[in-house]
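Student: I am new to this structure, and I would like a close look at one part of it. Please walk me through the aromatic rings and the strands and loops that go with them.

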Amino acid sequence: MEKKCYRRGLVVGKFSPLHSGHEFLISEAQKQCEELIVISYSRPEFAGCSRAIRSHWLNDLAPDITTLVIDAATIEQWRIQSNWQLPMPNNSDQDDVQREFTTQLLKLRLTTTIDAVFTSEDYGEGFAKYLTDKGLGINNSVTHICVDKNRVNHPVSGTIIRSNFSCGNQYIREKVAKSCNVQSVCFLGGESTGKTTLSHSLSGHWSEPIVTEYGRTLWEQNNGTLDQSDLLNIAEKQTFTEDILRDKANRYLFCDTSPLTTLCYSQALFGSRPELLEAYSERPYNFVFLCAPDFPFTQDGTRKDQEFRLWQHEWYLHELAQREIPFVLLEGSISSRIDKINQHILHG
């Protein structure tokens, strides 16, 4: 067998989504390395490109490589369970912030060194030098290998595909395209504002999956008692179910809540906003609908009262504005709300 140029190589990227340019980069790195490590992270994440989904794409593409796919929740779990210190960087952070984050991933999580880093970007040389200076190089050196920087072989980028998935489908695998083309539709609102009725109605109308509110299920199972650990379990279970059901959807995935709701109840019930719940609440959706508390409050035996419902509505308005999340306010009858939802998801 012909000896390869490098013992252990590294590729880092968002892979949101994984496209043919990424595949070419990884393939070229595999040709030149005995071992290959692929690290994937993104903050913010993009709808349809969650940590679990990206991990599945990479494992399906190259099951023999070492992958480390993370999100903000992963980092917060590490900070609880181990001596991990660094916060999850934002995509807009400076190069050295990203480089130090990768350095710590290699040192503390993968406990390994490399001798080559493969990129298609201008930052590659500086990245390789940083890793060398931090002692991450096999034989004290990390080489940068530039692959198709001018996008001659694969004229595509994640930004281009995210701006118009239909135009980018020729550059992504069928499984990736299927996941990315599913639009996630999230309903938020205080108690007794119709979000469960709406999500079930739309799910039936479009014959698409619905992600029901796991928090309500657990609340009923526990006879109306939840503690802080239950809320963390709710956020994890809710997002896990979304990823599973996305694979069963064709066009839309209707979500009767989001981890933002779990964060709302954490603040209401316990006066706290754990960093792990904050991280889960960053999960993105293609469409967010906020149900207004403008029809009579109905007590079903598990809800609080009208005052709490109004507090929830103001809380959502504040959070959505602060996070700069676009949303559509739903008012009026259920039928008028359904009409408004259909108009928005059909025409954007």
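Tutor: Let's begin with the rule for rings: those of Phe, Tyr and Trp (for Trp, its six-membered ring) pair if their centres lie within 6.5 Å, and a pair counts as stacked with planes under 30 degrees apart, edge-to-face over 60, and tilted for the rest. This is a predicted model, where local features need pLDDT of at least 70 and side-chain atom pairs count only at pLDDT 80 or more, while totals for chains, interfaces and linings use all residues. Residues are numbered from 1 along each chain as its sequence is written, and side-chain values use heavy atoms, leaving out hydrogens and water.

Under the ring rule, the count is 12 aromatic pairs. One of them joins Phe187 and Phe289: their ring centres are 5.8 Å apart and their planes meet at 25°, so this pair is stacked. Phe187 belongs to strand β6 (residues 183-189) and Phe289 to strand β9, so their pairing ties together parts that are 102 residues apart in sequence. Strands here are DSSP runs of E with at least two residues, helices are runs of H or I with at least four, and the numbering starts at the N terminus.

Buried means under 20% relative accessible area, exposed means over 50%, and partly exposed is in between (1.4 Å probe, protein chains only). Phe289 has another stacked partner, Phe287, at 6.5 Å centre to centre with 15° between the planes. Phe287 is buried as well.

Now look at the sheet around these rings. Five strands make an open sheet, in the order β7-β8-β6-β9-β10, with parallel pairing. Two strands pair if DSSP finds at least two bridges between them. At the edges are β7 (210-211) and β10 (328-330), each pairing on one side only. Strand β9 (residues 287-291) runs parallel to β10 and is joined to it by 3 bridges. Within that pairing, Leu290 has Leu329 of β10 as its bridge partner.

Rings can meet in groups too: Tyr41, Trp78, Trp84 and Phe101 form one aromatic cluster. Other rings sit under a charge, which is called when NZ of Lys or CZ of Arg is within 6 Å of the ring centre and within 35 degrees of the ring normal. The charged end of Arg162 is placed over the ring of Phe46, 3.9 Å from its centre. For Tyr214, the charge over its face comes from Lys237, 5.9 Å from the ring centre.

Let's turn to another sheet. This open sheet has 5 strands in the order β3-β2-β1-β4-β5, paired in parallel. Its edge strands, β3 (66-69) and β5 (143-146), each pair on one side only. On average, neighbouring strands in this sheet are turned by 25° against each other, direction ignored. Such angles run from 0 to 180 degrees between N-to-C directions, using lines fitted to C-alpha atoms, for helices over the stretch in contact. Strand β2 (residues 33-40) runs parallel to β3, and 4 bridges join them; Ile39 stands opposite Leu68 of β3. Across β1 (6-13), β2, β4 (116-119) and β5 lies helix α1 (residues 20-32), at about 150° to β2. Contact here means heavy atoms within 4.5 Å.

The loops that go with this sheet hold some details of the backbone. Most residues other than glycine have a negative phi, and most peptide bonds are trans. The bond from Ser16 to Pro17, however, is cis, with omega near 0°, and Pro17 is in the loop between β1 and α1. Arg43 and Pro44 are joined by a cis peptide bond as well, with omega about 10°; Pro44 is found in the loop between β2 and α2 (51-61). Asn140, which is not a glycine, has a positive phi of about 65°. Its place is the loop between α5 (124-133) and β5, and with 68% relative accessible area Asn140 is exposed.
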